Structures are given as C-alpha cells and as structure tokens.
Amino acid sequence: MMYSLLQKGILFTSLIATVGQLSSEVQLKQACKCDFSKYNPLVLSHPLVNAATKTVEPDYPEIAKRAKVQGTVEVRILVNRNGEVIDACVVEGPPLLRSAARNAALKWKFKKNFGFTHKQKRRYIESSIEFKFRLSGES
C-alpha cells in the first residue's frame, strides 16, 4: 500500500513537472507569435475598447475554477480596417486562463477604420485587451 502511494506521488510530481515544462514551452511560442511587425501596424499604447462594436467575455475554464485560479490576462490583438481581429496572442496572465482569453479576443469586432473619422494610412492596428477572471465570492 505504502509503495503504491509513493509511486502515485512520484507519478503526480512527474506529471506536474511535465505540465509546467510544456506550459513554459507554449508561453515561449506564444510570446514569439506576438510579433505582428510583418503587417507594419500602427501600435496603440491604449486599448481600442471605445471603438469596439462587439465584445465577448471569455468562458471561465472549468479546470481553472477547480484550481481557484484568478487573475488578469493581457491579449495583444491585430485588427484590420474592417474592424476584424485577425490575430491575437497572450502577453501575460495565468496559464490556465490564457486560451479562454485569446479565444474571446478573436471574436471581438471594432468600428471600420478603427473608429477614426479619417482614413488611416496603415491597414492594421495593434492594440491590447485585458480580461479579468474573478471567482464569485472571491475578492
């Protein structure tokens, strides 16, 4: 019995280490994907939230709820002149919440021409969206 519990403990520890390593590798790949320079976008230091015509809140991942993971996820977005988010990547935030935030960001829509009254020379804008994940009853 003791040997079996010890084996399970070692396997669990090994699994956690593997998940942590994979998570770090995925974060590195996502960080590299955040390079939108090939589109030569206009980079805004402030979010385009005022130009949003459709916002989508992320689904709270069940595994993150069970693990009581909360936090803020920052997602960089690339928006075209039609107001469509054509790419998104996570800059920072708890790993269990990142995918849900990115998927929600990809569904956002913005005013045509980025909400500007005059036509922009740039065809793309790079901006960011922050998603706050809070469990109910937690502060």
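**Exercise 1. State how many helices and strands the chain has, and give their order.**

Solution. Helices (H or I, at least four residues) and strands (E, at least two) are DSSP runs, numbered from the N terminus. The chain has three helices and six strands. Along the sequence they follow the pattern α-β-β-α-β-β-α-β-β. Residues are numbered from 1 along each chain as its sequence is written. The model is predicted, so local features need pLDDT of at least 70 and side-chain atom pairs count only at pLDDT 80 or more, while totals for chains, interfaces and linings use all residues; side-chain values use heavy atoms, with hydrogens and water left out.

**Exercise 2. Find which element has the lowest mean pLDDT and which has the highest.**

Solution. Start with the term: pLDDT is the predictor's confidence in each residue, from 0 to 100. The chain averages 81, and 75% of the residues score at least 70. Among the elements, α1 has the lowest mean pLDDT (45), and helix α3 (residues 95–105) has the highest (98).

Where pLDDT is low, the predicted coordinates should not be read in detail.

**Exercise 3. Describe the surroundings of Glu74.**

Solution. β3 pairs with strand β4 (residues 85–92) in the antiparallel sense over six bridges; two strands pair if DSSP finds at least two bridges between them. β3 and β4 form a hairpin with four residues between them, and Gly83 in the turn has a positive phi of about 90°. The bridge partner of Glu74 in β4 is Glu92.

Second, list the contacts. Leaving aside neighbours within four places in sequence, Glu74 is in contact with Cys89, Val90, Val91, Glu92, Ser128, Ile129 and Glu130.

Third, look at charge. Lys and Arg count as positive and Asp and Glu as negative; His and the chain ends are not counted. A salt bridge is a side-chain nitrogen of Lys or Arg within 4 Å of a carboxyl oxygen of Asp or Glu. Glu74 is buried yet has no salt bridge, and the nearest side chain of opposite charge, Arg76, is 4.5 Å away. Buried means under 20% relative accessible area, exposed over 50%, and partly exposed in between (1.4 Å probe, protein chains only).

**Exercise 4. Count the aromatic pairs and classify the pair of Tyr39 and Tyr124.**

Solution. Rings of Phe, Tyr and Trp (its six-membered ring) pair if their centres lie within 6.5 Å; planes under 30 degrees apart count as stacked, over 60 as edge-to-face and the rest as tilted. By this rule there are four aromatic pairs. The rings of Tyr39 and Tyr124 have centres 5.0 Å apart and planes at 65°, so this pair is edge-to-face. Tyr39 lies in the loop between α1 (2–33) and β1 (42–43), and Tyr124 in strand β6 (residues 124–133), 85 residues apart. Tyr39 is partly exposed, with a relative accessible area of 27%, whereas Tyr124 counts as buried at 15% relative accessibility.

**Exercise 5. Classify the pair of Tyr60 and Phe133.**

Solution. The ring centres of Tyr60 and Phe133 are 5.3 Å apart and the planes stand at 90°, so the pair is edge-to-face. Tyr60 is in the loop between β2 (52–54) and α2 (62–66), and Phe133 is in strand β6, 73 residues apart. Phe133 counts as buried at 2% relative accessibility.

Conventions:
Contact = heavy atoms within 4.5 Å.
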